Amino acid sequence: MKVSRAGYILMTTVVAILVMTLCACKTTKLSDADAQLERGEFFEASKSYRKIYNRLTKPSERPLRGEVAYKLATCYRRLNMASRAAPAYQNAIRYQYPDSMAYYWLGRSYQADGKYKQAIDAYTTFMEWRPDDRLAMEGIRGCRLAIASKDEKKSRYVVKNAKLFNSRRADFSPMYFDKNYDILYFTSTNEKVTGENKSEITGMKKGDVWFSKKDEKGEWQRPEPVEGELNTELDEGVVSFSPDGTTMYLTLARRSPASDTSVEIYTSRRSDASWSAPQKFEIISDTISAVGHPAVSPDGQYLYFTSDMPGGYGGKDIWRMAVNERKGTLENLGPQINTPGDEMFPYMRNDSTLYFSSDGHPGFGGLDLFVARRDASGQRWSVDNMGLPMNSAGDDFGITFGPGENGFFSSNRGDGRGYDHIYSFELPDLKITISGYVVDKDDEPVPNAVIRIVGDDGSNQKEVARDDGSFRFNLQRGVRYVMLAGAKGYLNVKQEFESDSAEEDADYGIDFVLAAINKPQVVENIFYDFDKATLRPESKTALDEMAQILLDNPNVTVEMASHTDRWGSDAYNENLSERRAKNVVDYLVASGIPSGRLSWKGYGETRPKTVTKRINREFPQFPEGTVLDEEYVSSLSPEDQEAADQINRRTEFQVTSIDYEMF
């Protein structure tokens, strides 16, 4: 049938009018968007509010635009889209939305986006209305902590994106299955999950429980969904396991046209490799409160979880209950853990160490990971932020530990969509060592020197020095050590020290200088006044070291000898050196050395020094092996004569026996 041009135009007009009428019928209403927000359908609500906001262009609609901007910002914030939430809150403030909370949430959004100075300004403005608001004060503290941390050294944790477990959507809340640490479960919203419908809350597919296993080589395999009836078209995830591995506790989203979106805890039973359909785990009869994020204690006696039920401290709190005695056992973990903000994703590593996430304690933005340690009385918790790089400006949560200080957690750091991803973390062993050399008085390596080191932590190590005299030991931090070096034909030397308690690598240096038994050994840095036998105060250090050598070698006896230079008569020099040697012995006796182990002798100028390798290195003008007697010294220049006289003026000790016994 042919249609005239006029008829065609008429038909086109009618169609256009019909289309416009249909579009008008589908125009998004504010009441519909509010209902979506009320039900917790943040993704769908954000789309609705965005459409409404763009339609409100008249000056008379400014107040309504402010209201819509505030609600749109709330959706973005709940979707972890801080970079979108902050401008939306700014718009609400610009259009004079009449609620000071806009400034608070603007501060939270800036903080979660890593814009700490702007966040402090927003919090400060908010506190003009509420000067005692704890959450705002903690927000400012967290921002200042983050700013200061940029200039401080990060913790030693090494954090990496666990790419094998992550999809293009959200993957989060990893949990080891058992103490073999070879199966890892987590929640995933990847495109292959059960069901086709996308979540009205997140805009992604609804979460399922997936897992990954290690192969024979210890390598993680590609993740796959759990077998059995566990996964459905609903949201399942955030799992924990009974110690025997037969029961999984999980969070399941409640979806009903007659009630708001919420979550509850369910259980699933394991048979071979399959998991049964989830069964509700009754905790409370309240159908309004949310209950989720289950975490079984290592002994299986308690179930820790998150809830906004009445009786908490504001927001979501961490609670616990006895698994086998549910009625009357609900226990809030108290104000040391819980704040007016949200505390979530508990993980009990042992009976006194709790890991959790919070936006109420001072942090870097969003949810931060915290560790809480309970004291010996069991009555008090100390809470610490895990710091950078474990925490970020985004949400950091859902931690699980493997053997030692390593494991996995989830974070939406750096993802503008707010999607969560799984990260690995590891705390490398501290590399604390002590190294040095064992040499004799001439700085020559001591053959086959043995070094022992004993710590007050019970450690006991032994090592034979290398050919060059070097040695090295691995240590622990914050331990007091005693070291003893010795070798056949040499006196033992002992030294003590304490390793630093700081969490950083360190290499301590310590050398041992051993005295040979079969030849005289110079005691350095013993000083007398000119022409006198009185010991000067600066000799104390050297004499104390000499006393310690004798204490470390209780079976030796020694002769303390004093020598003078060539000036003065023989009789005078012998008398002066005799008195000097006697004063050294008196000092050692006063220091606790038995007099029976000590003798003294003054040799005057009768035993000039022979140049050793060490002396030659310090005074290369004197060839090794040269005897610095009066004839040789007199042939030198005045400067070299003074140096030679200085070498000859000395105090020495000579071992006289090695079998002393004190009766």
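Predicted model: local features only at pLDDT ≥ 70, side-chain atom pairs only at ≥ 80, totals over all residues.

Modeller: Let us begin with a term: a residue is called buried under 20% relative accessible area, exposed over 50%, and partly exposed in between, with a 1.4 Å probe and protein chains only. Residues are numbered from 1 along each chain as its sequence is written, and side-chain values use heavy atoms, with hydrogens and water left out.

Colleague: What makes the protein chain more spread out than a compact globule?

Modeller: The chain has 13 helices and 34 strands, which are DSSP runs numbered from the N terminus (helices H or I, at least four residues; strands E, at least two). Its radius of gyration is 40 Å, well over the 26 Å that the globule rule gives for 663 residues, so the chain is more spread out than a compact globule. The radius is taken over C-alpha atoms, and the rule is 2.2 Å times the number of residues to the power 0.38. Along the principal axes, the C-alpha atoms fill a box of roughly 145 × 60 × 55 Å.

Colleague: Why is Asp 208 called buried?

Modeller: Asp 208 has a relative accessible area of 1%, which is under the 20% limit, and therefore counts as buried. Asp 208 lies in strand E4 (residues 208–213). Leaving aside neighbours within four places in sequence, Asp 208 is in contact (heavy atoms within 4.5 Å) with residues including Phe 186, Thr 187, Asn 231 and Glu 236. The C-alpha atoms of Asp 208 and Thr 187, 21 residues apart along the chain, are separated by 5.7 Å.

Colleague: How do you know whether Thr 74 and Arg 108 are buried or exposed?

Modeller: Thr 74, in helix H4, has 13% relative accessibility and so counts as buried. Arg 108, in helix H6, is also buried because its value of 17% is under 20%. Beyond four places in sequence, Thr 74 is in contact with Leu 37 and Tyr 89, while Arg 108 touches Tyr 123 and Asp 359.

Colleague: What makes a set of residues a nonpolar core?

Modeller: Its members are buried Ala, Val, Leu, Ile, Met, Phe, Trp, Tyr and Cys residues joined through side-chain atoms within 4.5 Å. The largest such core has 44 residues, and Tyr 49, Tyr 70, Tyr 89, Tyr 104 and Tyr 123 have the most contacts inside it. Its largest share, 7 residues, comes from H4.

Colleague: Why are strands E17 and E18 said to pair?

Modeller: Two strands pair if DSSP finds at least two bridges between them. Strand E17 (residues 353–358) and strand E18 (residues 368–374) have 6 bridges in the antiparallel sense, and therefore they pair. Phe 356 stands opposite Phe 370 in E18. Both strands belong to an open sheet of 4 strands in the order E16-E17-E18-E19. Strand E16 (343–350) and strand E19 (381–385) are its edge strands, since each pairs on one side only.
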